[in-house]
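Please open the model in your viewer and keep a selection tool at hand. The tour below goes from the whole chain to single residues.

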Amino acid sequence: MASDEFSGNYMETHRAAVVVPDFVPGMLLTMSHPAEGVTDLQTDNGVLLRIELLEAGMLRFRFAPEGRLDDGFSYAVDPEFRPTPPVHEVIEFRDGIAIRTSKLSVRIVRNGLKTTISDARTGRILCQDEKGFHWQDNKQFGGEVVKMTKAYQPGEHFHGLGDKSCDLNLRGRRFELWGSDTYAYTTETDPLYKNIPFYLGTHRGGSYGIFFDNTFRTAFDFGAKDPKLTTFSSEGGEMNYYFFHGETPLDVVRAYTRLTGVPGMPPLWALGYHQCKWSYYPESIVRGIAEGFRSRKIPCDAIYLDIDYMDGYRCFTWDADRFPDPKGMIADLESDGFKTVVIIDPGLKIDPEYPVWKDGLEKDVFCKRQDGDLCKGTVWPGLCHFPDFTRPDVREWWASQFKGLIEEVGVRGVWNDMNEPAVFEDGTFSLDVRHDYDGHPCSHRKAHNVYGMQMARATKEGLKRFGGGKRPFSITRSAYAGTQRHACAWTGDNVATWEHLQIANHQCQRMAISGMSFIGSDVGGFIETPTPELYLRWVQMAAFHPFFRTHSSGDHGDQEPWSFGEDVLNGVRAAIELRYRLLPVLYSAFRQYVAEGTPILRPLALVNHHDPDSYWRSTEFFLGDHLLVVPMTREDEGGRFLYLPEGDWFSYHDDTTPKEVKKDIWVGCGLDRIPVYVKAGAVLPHWPLQQFVGEIPNPEPELHIWWKEGRETSFWYEDAGDGESWRDGDFRESTFEVTGTMNSLEVRRDVAGKWSPSYEKIAIVLRGLPETIEATTVEIDGRSTPISRDAADRPVFFAQPGFEKARLSR
């Protein structure tokens with residue numbers, strides 16, 4: 001009999017544990033410039049570093065351990081992004097290389113290729129390598145595990161990374177990006193649904209951003225392991241990251257969003273209130289929900305159908321018993337102001353009698369395992385096959401499937417779910433599943449984090465193809481950087497708790513500064529049933545989020561606005577009505593997002609970045625340029641402490657002014673509202689109340705103008721609200737400059753664009769005027785006009801739609 005010493009695998013049993021070494025770049029050997037704005041640095045151990053100058057404040061770093069770079073294909077980078085290399089200089093010195101633009105200075109040391117990036121104007125360090133680039137060989141899968149370690153800068157704070165559920169400031173935490181179906185997640189759950197590898201660093205030296213464009217499973221450590229270090233790494237692929245710098249954190253976000261792209265303008269109805277449930281069926285229930293909104297005078301623009309509208313959960317089908325005439329039902333809903341949005345999942349039921357699956361099998365659209373067998377997984381219909389959305393022809397095929405739903409039946413929006421991708425057996429696909437990756441074949445290790453993005457992309461193409469020229473509306477649960485070009489998003493399967501109200505607040509702010517501004521949560525919580533107060537407070541907060549939808553799991557009870565008693569219904573109705581009055585404000589902020597990449601929601605820390613007290617505050621947020629919203633996030637809260645940045649402010653509700661700023665102040669607040677403040681000098685356009693967008697064909701706007709001692713600029717955007725003519729300049733952009741003194745108020749207006757409104761006049765409401773200004777007459781474009789009082793006893797006068805100047809003086 002053999003001795004135990006020699007049984008089994010001797011090498012595995014007896015050899016000492018080996019610590020896998022990290023490799024680092026060696027000594028710089030050569031420098032070359034293969035293209036304008038591109039510098040290649042090669043070391044004596046074969047490492048290649050390529051630095052690309054995209055803009056004066058935007059750089060790209062690519063490391064190749066074996067000296068070879070691929071073509072740099074990326075799903076994240078907007079195909080329309082075509083930068084011109086900035087004016088720059090490259091300087092050699094004894095210990096390394098320096099590259100300078102008008103905004104950035106980069107120094108690379110010869111030994112190890114470590115970089116120090118500074119503000120070229122101030123000389124202050126923005127970001128500095130500690131260990132810099134290092135890597136390990138990936139023995140299991142091949143390739144490398146790539147890592148970048150940077151030094152923590154004194155007083156540095158971190159924001160971004162998409163839908164993470166913790167507090168806004170990421171400092172001291174570690175995260176992973178690997179899209180996951182995380183039912184009932186908590187503040188500590190990680191990873192979540194979305195994969196946005198972009199973060200902001202802010203400190204006394206300035207603001208910068210890093211976008212690590214790597215779709216493998218990635219990790220970010222913001223000082224959790226070592227408080228002096230920041231590390232990002234990936235289990236495969238390339239160390240490929242972009243560096244952004246701007247004068248403010250918002251400038252950094254704009255640069256990142258410029259790189260990864262923006263959506264088109266949404267259909268205006270998509271910014272209204274939406275009602276959803278798992279599930280509304282049969283048809284009589286759907287019609288009853290619609291009637292419930294209209295009879296109770298609760299504004300609403302969309303009703304959603306979850307998976308139970310389908311025949312056995314087969315996508316692109318209808319259950320003929322539950323919905324015998326979907327086209328007629330949808331037409332009736334549309335005539336009453338409701339758009340219909342339906343859910344779609346990527347899994348297609350394996351069923352020889354199911355035409356969509358059969359066609360997909362014949363056209364070879366489904367994902368395969370490494371040895372050629374089709375990838376299978378169980379989701380709602382049972383065993384399914386899954387399209388490979390990383391193939392252009394498959395995306396074309398998927399888009400073609402929407403003809404029936406959109407063109408023939410009249411569906412106006414599509415809701416992409418389960419697209420992490422999620423399967424019931426193991427959470428997601430096996431890692432050996434193969435993908436085309438747009439001509440760059442790979443395994444699921446690389447394609448997993450972009451699968452949902454490419455599904456949303458294909459869905460949008462279907463909406464455009466069959467939508468009759470209307471603007472596409474699509475939402476997605478999973479996303480990678482750049483998904484904002486294809487869909488909006490919601491934050492997944494949350495819970496009806498006060499903690500989740502605050503989580504939703506954080507997630508929506510974080511997604512906005514991660515480039516994806518069209519974001520919202522399941523209002524009231526998807527899982528369990530909210531208390532009446534919790535539902536009301538959630539609605540009051542979400543009324544200021546770009547995507548505004550109640551959604552719930554039906555097995556936990558009803559969650560319509562009228563489900564919680566008359567008092568709550570009145571409060572919910574008032575919050576939704578305020579949303580509809582403020583739609584022009586939200587629409588204008590959306591235009592700024594589309595035109596400039598400016599996030600619609602803005603955390604206090606990023607707007608008020610010079611104030612250290614702002615960095616750990618995460619409840620207050622800005623909507624657009626002038627509104628500061630303060631949600632009520634605790635039960636039985638009759639008021640709360642809040643923080644107002646330096647400046648002049650008015651309460652939106654009653655024009656009162658706070659006694660102090662730049663410190664915590666107590667504000668009493670009943671159940672009828674949440675605190676909302678307006679910057680002095682703001683011009684905010686309002687609409688008359690409508691039950692749905694378009695109920696009033698040409699609504700006459702009101703401009704609410706708050707007095708300020710000094711100057712303030714505001715922006716107002718208008719267009720047709722649907723269709724694509726806005727891309728050809730068929731819009732109107734108004735820029736207002738308000739100038740005020742203790743004795744006067746003047747408004748000047750510049751207009752751009754060729755769209756002409758059909759309304760005949762604008763009401764102008766003056767707010768916050770000091771007693772030293774007597775509001776009896778106003779001069780508009782050189783003509784004296786009387787001032788009257790509105791129902792709230794505020795000065796109001798009327799002007800032509802194209803007025804250019806108004807002046808009020810003592």
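**The whole chain**

Of the 810 residues in the chain, 62% are buried, where buried means under 20% relative accessible area, exposed means over 50% and partly exposed lies in between (1.4 Å probe, protein chains only). This is a predicted model, in which local features need pLDDT of at least 70 and side-chain atom pairs count only at pLDDT 80 or more, while totals for chains, interfaces and linings use all residues. Residues are numbered from 1 along each chain as its sequence is written, and side-chain values use heavy atoms, with hydrogens and water left out.

Colour by secondary structure, and the chain shows 13 helices and 51 strands; these are DSSP runs numbered from the N terminus, helices being H or I with at least four residues and strands E with at least two. The radius of gyration is 28 Å, close to the 28 Å that the globule rule gives for 810 residues, so the chain is as compact as a globular protein of that length; the radius is taken over C-alpha atoms, and the rule is 2.2 Å times the number of residues to the power 0.38. Along its principal axes the C-alpha trace spans about 105 × 70 × 50 Å.

Select next the nine strands that form an open sheet with parallel pairing, in the order 31-30-28-25-21-20-19-33-32. Its edges are strand 31 (519-520) and strand 32 (522-523), each of which pairs on one side only; two strands pair if DSSP finds at least two bridges between them. Within this sheet, zoom in on strand 21 (residues 339-344) and strand 25 (residues 413-416), which run parallel and are joined by four bridges, with Val 341 having Gly 413 in strand 25 as its bridge partner.

**Beyond strand 25**

Continue into the loop between strand 25 and strand 26, where Met 418 is found. Its phi is near 55 degrees, a positive value in a residue other than glycine, and at 5% relative accessibility Met 418 counts as buried.

Asp 364, in the loop between helix 5 (355-362) and strand 23 (377-379), has a positive phi of about 60 degrees although it is not a glycine, and it is partly exposed, with a relative accessible area of 35%.

**Antiparallel hairpins**

Move to strand 8 (residues 115-119) and strand 9 (residues 125-137), which pair in the antiparallel sense over three bridges, with Ser 118 opposite Ile 125. Five residues lie between these strands in their hairpin, where Gly 123 takes a positive phi near 80 degrees. Strand 9 also pairs with strand 10 (residues 144-151), in the antiparallel sense over seven bridges, and here the hairpin has six residues between the strands, with Gly 142 at a positive phi near 90 degrees.

**A buried histidine**

Finish at His 159 in strand 11 (residues 157-160). Is this residue buried or exposed? His 159 is buried, with a relative accessible area of 2%. Leaving aside neighbours within four places in sequence, its contacts (heavy atoms within 4.5 Å) include Leu 168, Phe 198, Ile 513 and Tyr 615.
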